[in-house]
Structures are given as C-alpha cells and as structure tokens.
Amino acid sequence: MTGGAVRNGSRTGLRLPLGLWGLTRIILLLLVFKVVVVPGPDITFDVSNIYQGWYEVLRAGTYPLDDVTWQYPPAAAFAILAPGLLPFLGYSTAFFVLALLCDALVFGLLLHTGRRAGRTLHGAWIWIAGVALLGPTAYARYDVMVTAVAVAGLLAAGRSPRVLGALAGFGAVLKVWPALILAGTPKGRATFRSWSAAAGAAAAVLLLCVVWMPGALAFLSFQRDRGTEVESLGSMVFHVVRHFGWEGEARMNYGSIEFLGPYVSTVSTAAMVLTVGAFGWLLLWRIRARRFTSSTVADAAFVAVLLFTLTSRVLSPQYMLWLVGLAAVCLAYRSSRMQRPVHLVIWATAVTQFEFPVWFSHVTRSDPLGMAVLFTRNGLLIAAALIACRILWRQTVTEPRLAEAAAAVPVVQPEREKALSGSF
C-alpha cells in the first residue's frame, strides 16, 4: 500500500510539469506554423529556404561548396537531412516535428533524472521555461537537436564516461561546442575514458563524412572569414561609436547581420583573444581543481559553454538554447550551486526573444530601444559568467584547499586541560 501511494504521489507530481510542457509547446508550434505571427523577421526563413536549399544540395551528393552560409561541421548534414525521415510531410513541417521530438527527449531525460536520489526536478522546470521564453527560434534552428545530444551525454556522465565521450565527440562534429561538456570530467580514469571515446567518435564521424561526400571541410574557410555580428559582445562597441561618427555599417554578411567598417577586424581579433583567455582560465581551473562532486561535470560544462558563447564573434539567439540545456542539467543535481547564474541565463533568454525577432530592426539601427534590449541581454550573460566562474572555483578549488589546511593544523590542547587530565 505504501509503495502504491508513493507511485501515485509521484505521478501526481508529474502532472503539472507535463501539462505546462505540453501547453507551451503547443504555443511554439502555433508560432512556427504561423497560426500566430510574431512581430519582426520571419523566424522560419532559415528552415524553409536555407536549410531546405542545403537539403537539396546534400541529397545530390555534395556539401554546399559554393554557399558561404554553410559554416557548420560536416555532421550538421545529418540534421539537415533528418526531415527526409518523414517523407509524408513537407520539409519545414517535418523539421518542426523533429525539433519537438528532440525537445521532448530532453524533457523526458530531465524528468527521469530528477526522480533519482540526489537529483531534483528543477532541471526539468528550467527546460520548460527556457525553451518557452526563447520562443519559436527554439524550433526554427537545428540547435535543439545538438542540445539534446549534449544533455544526453552529461546525464550519462555519472554512469558511463564512455557514453559521455562518444556523445561529446559526435556533438563536436555536429556543432563544435558539445566538446566542451568534457571540461569537468574527474581527473584520472574517467577523463581518460571519456576523452578517448570522444576522440574516437569524432574521428570516426569525421572520416565517414569526408568519405561520404566531397566538401566536408569547406566550412572552415567560411567560418574563418566571419566578422563581428550585431548581437555579440564585441558589437556593443560599434552600437555606441555609431552615434559618434563611426563610418561603418551593419548589413548582411556570411548569413547574418554584421558590422563592417573601420576597426571591426580589431574587435573581432579581441574577441578571439578573450576566447583564448577563457580557455586558459578553464585549463588553470582543471589543474587546480581538487574536489569533483556529482554536479561538477555539468557545472563545468555550463561555465565553459557560457564563456565560449559570451566571447564569440557571433551570439545568435539560438545559442541561448545551449545554455538553457546545460543550465537544466546543472539544476537536476542537488549538489549544484549554479542557481543564481542559471536564473540570470533564463532572464537573458527571456530578453533575447525581444532582441530577436521582436525588436531586431531596432537592434540593427542601434537606436535607444535596440541598444537597451541588447545591452540588457549581454549584461545578464556577463553577470552570469562571472558568478558561475566564481562558484565553480570556490566549490572545487578554494573550499577543498581550506579544508585540507584546517585538517593539517594540529589541535593544541590548552595547558590547564593538560594539567587536569594529568591529575586524573
């Protein structure tokens, strides 16, 4: 009877998150199918035109060699071709259905994990809120598929480092950033197993893609030539100096709106220097880290991707989906202390929907409204990154060192206590 009561209570506790997930996802589908239209640029343009165009080229047996907007690793072809698995649907419809299924997969994994000992359903709630707040962009880019791979890898980390590594390696050939989920693997055997599995999986998938079709590595030159996108951290400089006579402009370049003109290359170089500096900090952290808790792999992955995203020359709205997925995994663990930076990321995700698509025209014009919404979003991400780095360092480096120092200090018994104990 007790076991039945527990199971019934557990099912009752799942009704609210399941209901809210279903309700919010129905709204997202209404938005991407344009039953309800969001102000601003057409969110679905990338799927119905760019992705579908790539689909036709890939089906012909080659990568898009003449399209500079193809800036993705070769395994991205799997995501672009995936709607073909549903031939009874049009391309865009099939893509949105697959995005919904990937969303459901992540949600299901977080629910399953959250009901285990030492875990919590907070991660599932973060996923419900984050995807909904990002709006239709979440289903109109293939990033939800990549995020599903990364989340599955992180949630498998405690049981199987090799599964973590294999999914990280596959994800890296899908969209690079999932390689960062390996940043916080415990030193020793777990790191060796996960990193070697990642290298093997990435090499195998990359070789398959190179042998499969010509042009698998063409994305490298297209990505190298990108500039400073108008939503990035570096772009904030040009949004300001634009009002003081700067002679550049914001226009479409390499598939996104970028700033072009004097000093843009300097700011782009500075962004890459910041990225290198961020990786340097992560390396120093790994060397100095002394304690790895059950949530350290997820916490470190969240910090690493947050730093990588923030310092990138491009900070497209769909990048927020990466952070939402990793944030959700962090809060699936009771031992995680990332609540504050996670909540800041969720607020930044909510602001992002206004930055793109709702007020994107204001952003590209650098008017007061556009600058306010962009600076708010980026400011929240900066605060989240600084706080998250401090928490990770303190929990894994500072506190263990202080505990070791305290344990090494001998307990000196007061003279009076010695005398009293001696008298007996």
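Visitor: What makes a helix crossing left-handed?

Guide: A crossing is left-handed if the near helix is turned anticlockwise from the far one by less than a right angle. Keep in mind that this model is predicted. Here, H12 passes H16 in a left-handed crossing.

Visitor: How are two packed helices described?

Guide: By the angle between their axes and the distance between the axes. Take helix H12, residues 296-310, and helix H16, residues 368-408. Their axes come within 10 Å. They cross at roughly 145°.

Visitor: Which residues of H12 and H16 meet?

Guide: From H12, the list includes Thr296, Asp299, Phe302, Val303 and Leu306. H16 brings, among them, Asn378, Leu381, Ile382, Cys389 and Gln395. By class, this contact has 13 nonpolar, 4 polar and 1 charged residues.

Visitor: Now the surface. Which residues make a nonpolar patch?

Guide: Leu16, Leu20, Leu23, Ile27 and Trp125 make one of about 440 Å². To join a patch, a residue needs over 30% relative accessible area. Helix H1, residues 2-32, gives the most to the patch, with 4 residues. Leucine 23 lies in that helix, H1.

Visitor: How many salt bridges are found in the whole structure?

Guide: The search finds 11.

Visitor: On to the backbone. Is the peptide bond from phenylalanine 356 to proline 357 cis or trans?

Guide: Read omega. For this bond omega is near 15°, and the bond is cis. Proline 357 is found in helix H14, residues 339-358.

Visitor: And phi: is the value for valine 176 positive or negative?

Guide: Positive, near 65°, in a residue other than glycine.

Visitor: Where is valine 176 placed?

Guide: In the loop between helix H7, 161-175, and helix H8, 189-212.

Notes:
Residues are numbered from 1 along each chain as its sequence is written. This is a predicted model: local features need pLDDT of at least 70, side-chain atom pairs count only at pLDDT 80 or more; totals for chains, interfaces and linings use all residues. Side-chain values use heavy atoms; hydrogens and water are left out. Axes are lines fitted to C-alpha atoms, for helices over the stretch in contact, and angles run from 0 to 180 degrees between N-to-C directions. Helices (H or I, at least four residues) and strands (E, at least two) are DSSP runs, numbered from the N terminus. Contact means heavy atoms within 4.5 Å. Ala, Val, Leu, Ile, Met, Phe, Trp, Tyr, Cys and Pro count as nonpolar, Asp, Glu, Lys and Arg as charged, and the others, Gly among them, as polar. Patches are made of residues with over 30% relative accessible area and no salt bridge: like charges are joined within 9 Å, nonpolar side chains (Val, Leu, Ile, Met, Phe, Trp, Tyr) within 5 Å. Accessible areas come from the Shrake-Rupley method with a 1.4 Å probe; for residues, only the protein chains shown count as cover. A salt bridge is a side-chain nitrogen of Lys or Arg within 4 Å of a carboxyl oxygen of Asp or Glu.
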